[in-house]
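Dear colleague,

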Amino acid sequence: MTDEPLLKVENLQTQFFTEEGTVRAVDGISFEVNEGEIVGLVGESGAGKSVATSSIMRLVETPGQIVGGTVTYKGTKIVDIEEGPDGQPRPSEEMLTDEEMREQIRGNEIAIIFQDPMEALNPVFKVGAQLREFIELNRDVGSAEAREIAVDMLREVGIPEPVKRYDSYPHQFSGGMRQRVLIAMALACEPSLIIADEPTTALDVTVEGQIIDLVHDLEAKYDTSFVWVTHDLGVVAEICDRVNVMYLGEIIESADVDDLFHDTKHPYTEALLQSIPRPDQTVEELEPIVGVMPEAINPPSGCRFHTRCPDARTVCREFHPTEQDVSEAVTATHRVACVKYESIGYEDARPLETEATDDFGSGLIDASGEDA
Ligand SMILES: Nc1ncnc2c1ncn2[C@@H]1O[C@H](COP(=O)(O)OP(=O)(O)OP(=O)(O)O)[C@@H](O)[C@H]1O
Ligand code: NI
């Protein structure tokens, strides 16, 4: 083991070239996953979470394209985009080919679990047979042994009577059970990293809790690392070691889970926290986050959150903040991209009227413009 992270994402950029224009879905994100860690990727719908995970897996489809950045997994460059002589992005010589990605990485090194198990499970084949075939394809074992492993995996993820359930069809399983099957499939090749894209979002709270417990047990047993995608900070609190908060294609705050909750720096993270139930809050104190996230096709100038930020000042409309390390402890990093933490005159700037201040901000109208 080295002290290099298992997965290192640096300045990853993915865009969709549509008729309406270029969608900057992932716009220069960086984060790391260490061995045995569960790292969260949170943000509202459209923040770029799924595009980020499919970029890491190299599963972006046209009109989408990874246009910049590097993803290093166990020292290997699974994504490495450089600028070609024509100024266009192109894969570097070091980047794995599609075939290498398929044969060496996807499934057996990094597995992905999607929100909807029906997308990954074929409804016309029995669950056990699908699992067995997947194991046969990805591990060097014969059919009989693959069957045994499949039954073991079903038992491992808490499917009751796995020998009997082996012959069930996907529709004969509940949503939670199907999600367990997907976890079994992800684990079947003993990957070092599992990327889970909102795997519990469609489940009710009790089942979600059971799946989270299961993931905790499996993480401890197999020492598997996870990237856990969710819009739910409650789930993050339950499961993650570190968290990256995304807004409009960017990571705006990243910290250890305790620091994110108890030493929140970014107004967007704060707003997300206000919108979820917490034990120290009454229901009346809950505030849904104001406004909707703007389109990634034409993100707001300056800080992308300024149109909804209750703390926005004039300078936030002009200055695009980059991630600053604001951690006080030497052991942990806490990074935040907010104008408040840059020395460019936030203190002296005038407040901006935003969606978040509309109701009570009449005294704070910014005289220099109305298009905020
Ligand atoms: N095939 C596509 N063509 C054009 N734009 C796309 C495509 N796929 C995604 N996008 C855009 O990329 C941005 C990020 O989408 P993404 O699916 O990553 O969001 P998300 O954070 O995963 O949201 P959710 O929580 O709803 O899953 C959005 O603006 C979306 O409209
Ligand atoms: Ni998504």
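At least two residues of the shell around ligand 1 are supplied by each of β1 (7-18), β2 (21-33) and α1 (49-56). Please bear in mind throughout that this is a predicted model. The largest share of that shell, three residues, belongs to α1. In total, 16 residues surround ligand 1, and the closest are Ala25, Ser45, Lys49, Ser50 and Val51. The shell is made up of seven nonpolar, eight polar and one charged residues.

Arg58 lies in the loop between α1 and β4 (64-73). Arg58 has 17 other C-beta atoms within 10 Å and is therefore partly exposed, since that class falls between the limits of 12 or fewer for exposed and 20 or more for buried. Setting aside residues up to four places away in sequence, Arg58 touches Ile78, Val79 and Met101. From Phe31, Arg58 is separated by 27 residues in sequence and by 17 Å in space, C-alpha to C-alpha.

The remaining point concerns a pair of helices. Helix α4 (residues 127-138) packs with helix α5 (residues 143-156) at an angle of about 120°, and their axes are 8 Å apart. The two helices are therefore oblique to each other, and the crossing of α4 and α5 is right-handed. On the α4 side, the contact involves Gly128, Leu131, Arg132, Ile135 and Glu136, which meet Ser143, Ala146, Arg147, Ile149, Ala150 and Met153 of α5. By class, the residues of this contact comprise six nonpolar, two polar and three charged.

Yours sincerely

How values were computed: Residues are numbered from 1 along each chain as its sequence is written. Chains are lettered from A and ligands numbered from 1 in the order in which they are written. This is a predicted model: local features need pLDDT of at least 70, side-chain atom pairs count only at pLDDT 80 or more; totals for chains, interfaces and linings use all residues. Axes are lines fitted to C-alpha atoms, for helices over the stretch in contact, and angles run from 0 to 180 degrees between N-to-C directions. Helices (H or I, at least four residues) and strands (E, at least two) are DSSP runs, numbered from the N terminus. Angles under 35 degrees count as roughly parallel, over 145 as roughly antiparallel, 65 to 115 as roughly perpendicular and the rest as oblique. A crossing is left-handed if the near helix is turned anticlockwise from the far one by less than a right angle, and right-handed if clockwise. Two residues are in contact if their C-beta atoms, placed from the backbone, lie within 7 Å. Ala, Val, Leu, Ile, Met, Phe, Trp, Tyr, Cys and Pro count as nonpolar, Asp, Glu, Lys and Arg as charged, and the others, Gly among them, as polar. A residue is near a molecule or strand if its C-beta atom, placed from the backbone, lies within 6 Å of it.
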